[in-house]
Amino acid sequence: MSAAAAKPILYSYFRSSCSWRVRIALALKGISYDLVPVNLIKDGGQQFSAEYKALNPMQQVPALKIDGITISQSLAIINYLEETHPNPRLLPQDPKKRAQVRMIADHIVSGIQPLQNLSVLKQMGEKKMEWAQNCITSGFQALEQILQHTAGRYCVGDEVSMADLCLAPQVANAERFKVDMGPYPTITRINKALLELEAFKISHPSRQPDTPAELRA
Amino acid sequence: MRDSDGAQIRNSYLQKGALSPANIALPCLRVPEMPSAHAFFSLNTILWCFQHITLSSFSSQPILYSYFRSSCSWRVRIALALKGISYDLVPVNLIKDGGQQLAIINYLEETHPNPRLLPQDPKKRAQVRMIADHIVSGIQPLQNLSVLKQMGEKKMEWAQNCITSGFQALEQILQHTAGRYCVGDEVSMADLCLAPQVANAERFKVDMGPYPTITRINKALLELEAFKISHPSRQPDTPAELRA
């Protein structure tokens with residue numbers, strides 16, 4: 001579809017769950033790209049540099065330069081990839097099942113992750129861990145119940161969808177914040193199945209160009 | 001192909017008498033054996049805050065559970081108005097906002113494609129989604145009620161900061177994408193997210209001076225019938241002192 005000779009460029013941080021979502025999508029769709037790491041912590045946060053702000057006024061990762069445009073917001077990027085590289089599909093064909101996929105993705109992307117992202121946690125001082133655990137716990141309680149209705153092998157039925165791209169990175173966040181995953185057997189089962197897939201492995205935070213040595217797989 | 005699929009889904013949806021576990025049609029997470037409104041409201045708060053807006057079809061037309069002041073409810077009301085979908089509104093006195101209503105709006109877009117809320121060009125669609133997601137994930141959740149409760153007396157300042165930094169970014173983006181509305185000259189999902197967020201900004205007394213593009217677009221949107229009839233000041237549950 002694209003006439004551009006240049007490879008897409010992804011601005012990403014190894015540990016950013018939002019970046020990981022897009023890395024999974026690119027891997028699933030077999031789209032090769034160049035990765036430019038943006039360190040969210042070093043130098044006061046490289047996302048705040050004037051250079052990065054010119055590229056993405058929202059000053060967040062991920063951002064994808066593709067086909068002559070720059071897109072930010074992980075689901076906006078993933079939807080664009082879905083529309084321009086339809087195979088393999090990341091959305092079911094049935095509108096109701098698509099709604100379920102979107103509902104789950106939206107819940108994670110709007111209802112859980114923003115409340116425990118870096119800029120919010122900075123404001124919480126010493127209550128940081130507790131705050132993050134509470135956000136994730138209350139979000140996962142709802143998600144576990146939803147998944148009991150929608151899940152097959154994956155979040156919605158037996159095909160990997162946008163919901164799954166959001167789930168695995170959020171579980172990684174939960175583990176980082178030492179959330180007890182005991183109450184969420186469906187989330188745990190699905191996550192385990194996802195992490196066996198090649199696309200989820202090669203895009204994993206432990207395997208990125210900017211993964212620090214001590215965290216490397 | 002898409003239109004006939006939509007018609008098929010729409011028909012089956014409207015003919016449904018009762019919900020069953022296999023028929024969870026929409027971003028609707030009610031427990032299937034309890035279709036009544038009262039039973040739904042007795043579900044635990046976690047499920048409730050996941051899904052405070054639900055469309056269901058246990059009568060002949062959709063039922064929207066809505067809170068007059070919720071920006072998320074207002075986005076969906078605008079979509080329903082734009083698409084000419086009549087519905088029964090059940091007011092809910094709500095304590096939480098959620099960001100999951102784009103799933104509902106996308107479903108409405110797929111099953112009622114006219115008028116469209118997404119451009120045809122994939123790049124412009126990406127711009128619409130980017131703007132909508134920025135508001136729905138990047139601004140609104142940070143100033144929703146559950147977060148504000150945690151902020152105590154710093155509540156107002158916190159909300160203003162979230163909205164201000166979000167609007168600074170948005171103003172820059174809109175300078176590239178906007179025509180009469182957020183992206184070009186057609187109303188899109190981005191606009192459905194913008195107007196309610198500006199209403200939030202006004203409630204938190206954010207100075208709108210630095211955001212002329214946001215202000216101009218918002219003004220144009222509020223002149224549209226769908227934005228007027230769905231406005232928080234005109235809902236069945238709008239308190240008398242806030243009524244238009």
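This is a predicted model: local features need pLDDT of at least 70, side-chain atom pairs count only at pLDDT 80 or more; totals for chains, interfaces and linings use all residues.
**Ground rules.** Residues are numbered from 1 along each chain as its sequence is written, and chains are lettered from A, ligands from 1, in the order in which they are written. Local features need pLDDT of at least 70 and side-chain atom pairs count only at pLDDT 80 or more, while totals for chains, interfaces and linings use all residues; side-chain values use heavy atoms, with hydrogens and water left out.

**Entry 1, chain B as a whole.** I listed the elements, taking helices (H or I, at least four residues) and strands (E, at least two) as DSSP runs numbered from the N terminus. Chain B has eleven helices and three strands. Their order from the N terminus is α-α-α-β-β-α-β-α-α-α-α-α-α-α.

I then looked up burial, where buried means under 20% relative accessible area, exposed over 50% and partly exposed in between (1.4 Å probe, protein chains only). Of the 244 residues of chain B, 57% are buried. The accessible surface (Shrake-Rupley method, 1.4 Å probe) of chain B is about 10,100 Å², and carbon and sulfur atoms hold 52% of that surface. For contacts (heavy atoms within 4.5 Å), I kept pairs at least 6 apart in sequence in chain B; 69% of these join residues at least 24 apart.

UniProt positions follow the numbering used here, with feature names shortened, and the annotations may be inferred rather than shown by experiment. An unreviewed UniProt entry puts "domain: GST N-terminal" at residues 6-89 of chain A. I found that span to be 35% helix and 19% strand, with its end C-alpha atoms 24 Å apart. For chain B, UniProt (unreviewed entry) lists "domain: GST C-terminal" at residues 121-240. That span is 66% helix and 0% strand, and its end C-alpha atoms lie 44 Å apart.

I counted two strands as paired if DSSP finds at least two bridges between them. Chain A has an open sheet of four strands in the order β2-β1-β3-β4, with mixed pairing.

Strand β1 (residues 9-12) and strand β3 (residues 63-66) of chain A pair in the antiparallel sense over three bridges. A:Ile9 has A:Lys65 as its bridge partner in β3(A). Helix α1 (residues 17-28) of chain A packs on the sheet and touches β1, β2 and β3 of chain A.

How many residues of α3 (residues 74-84) of chain A are buried? I found ten of the eleven buried, among them A:Leu75, A:Ile78 and A:Tyr80. Their cover includes α1, β3, β4, α4 (95-112) and α7 of chain A, together with α6 (122-139) of chain B.

A:Asn173 sits in helix α7 (residues 162-176) of chain A. Is A:Asn173 buried or exposed? It counts as buried, because its relative accessibility is 4%. Leaving out residues up to four places away in sequence, A:Asn173 touches A:Ser17, A:Gln113, A:Gln116 and A:Ile136.

Key: Axes are lines fitted to C-alpha atoms, for helices over the stretch in contact, and angles run from 0 to 180 degrees between N-to-C directions.
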